[in-house]
Amino acid sequence: MMTKRIGVIGIVIDEPKLISDKVNTLLSQYGSMIIGRMGIPRHDENVGVIALIIEGTTDDVGAFTGKLGNLPGVTVKSALTARKATEQGEYK
């Protein structure tokens, strides 16, 4: 069993009207990892910003952020804590 970690993912989307459907598809595919989400549209700048609180294995987070980052106009940064979940879901 792989260890889960909790962390954050920051997503910046240039020209969201062109790519937001693909971003939302990936968010749905990886929805089981997402604990919380905040999205801020910047219509004046033609940019969207999404902040995610996630919990998952490093492999799952890497696959998710890799797919997001391969979309044109999408920039992704992630940070995972060093805390690892126990089998009961508690963090140590």
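Me: What covers the buried residues of α2?

Reply: In this predicted model, the cover over the buried residues of α2 includes the strands β1 (4-14), β2 (34-42), β3 (47-57) and β4 (74-84), along with the helix α1 (16-29).

Me: Which residues of α2 are buried, and what makes a residue count as buried?

Reply: V61, F64, T65 and L68 are buried in α2. The term applies to a relative accessible area under 20%.

Me: Why are the buried residues of α2 said to line one face of the helix?

Reply: Viewed down the axis of α2, the buried residues fall within an arc of 90°, so they line one face. An α-helix has 3.6 residues a turn, so residues three or four places apart point the same way.

Me: How do you know that the span of helix α2 agrees with its number of residues?

Reply: Helix α2 covers residues 58-69, twelve residues in all. The expected span is 1.5 Å times one less than the number of residues, which for α2 comes to 16 Å. The end C-alpha atoms of α2 are 16 Å apart, so the two values agree.

Me: Why is E15 called partly exposed?

Reply: The relative accessibility of E15 is 41%. Buried would require under 20% and exposed over 50%, and partly exposed is what lies in between; E15 therefore counts as partly exposed.

Me: Where does E15 lie, and what is its phi?

Reply: E15 sits in the loop between β1 and α1. Its phi is near 50°, a positive value in a residue other than glycine. Most residues other than glycine have a negative phi.

Me: Why is N46 called partly exposed, and where is its place?

Reply: N46 has a relative accessible area of 37%. N46 is placed in the loop between β2 and β3, and its phi is positive, about 55°, although N46 is not a glycine.

Me: What pattern does the protein chain follow along the sequence?

Reply: The protein chain reads β-α-β-β-α-β, and its secondary structure comes to two helices and four strands.

Me: How many residues does the protein chain have, and what percentage count as buried?

Reply: The protein chain has 92 residues, of which 30% count as buried. Its accessible surface comes to about 5900 Å², with 53% belonging to carbon and sulfur atoms.

Note on methods: Residues are numbered from 1 along each chain as its sequence is written. This is a predicted model: local features need pLDDT of at least 70, side-chain atom pairs count only at pLDDT 80 or more; totals for chains, interfaces and linings use all residues. Side-chain values use heavy atoms; hydrogens and water are left out. Buried means under 20% relative accessible area, exposed over 50%, partly exposed in between (1.4 Å probe, protein chains only). The arc is that of the directions from the helix axis to the C-beta atoms. Contact means heavy atoms within 4.5 Å. Accessible areas come from the Shrake-Rupley method with a 1.4 Å probe; for residues, only the protein chains shown count as cover.
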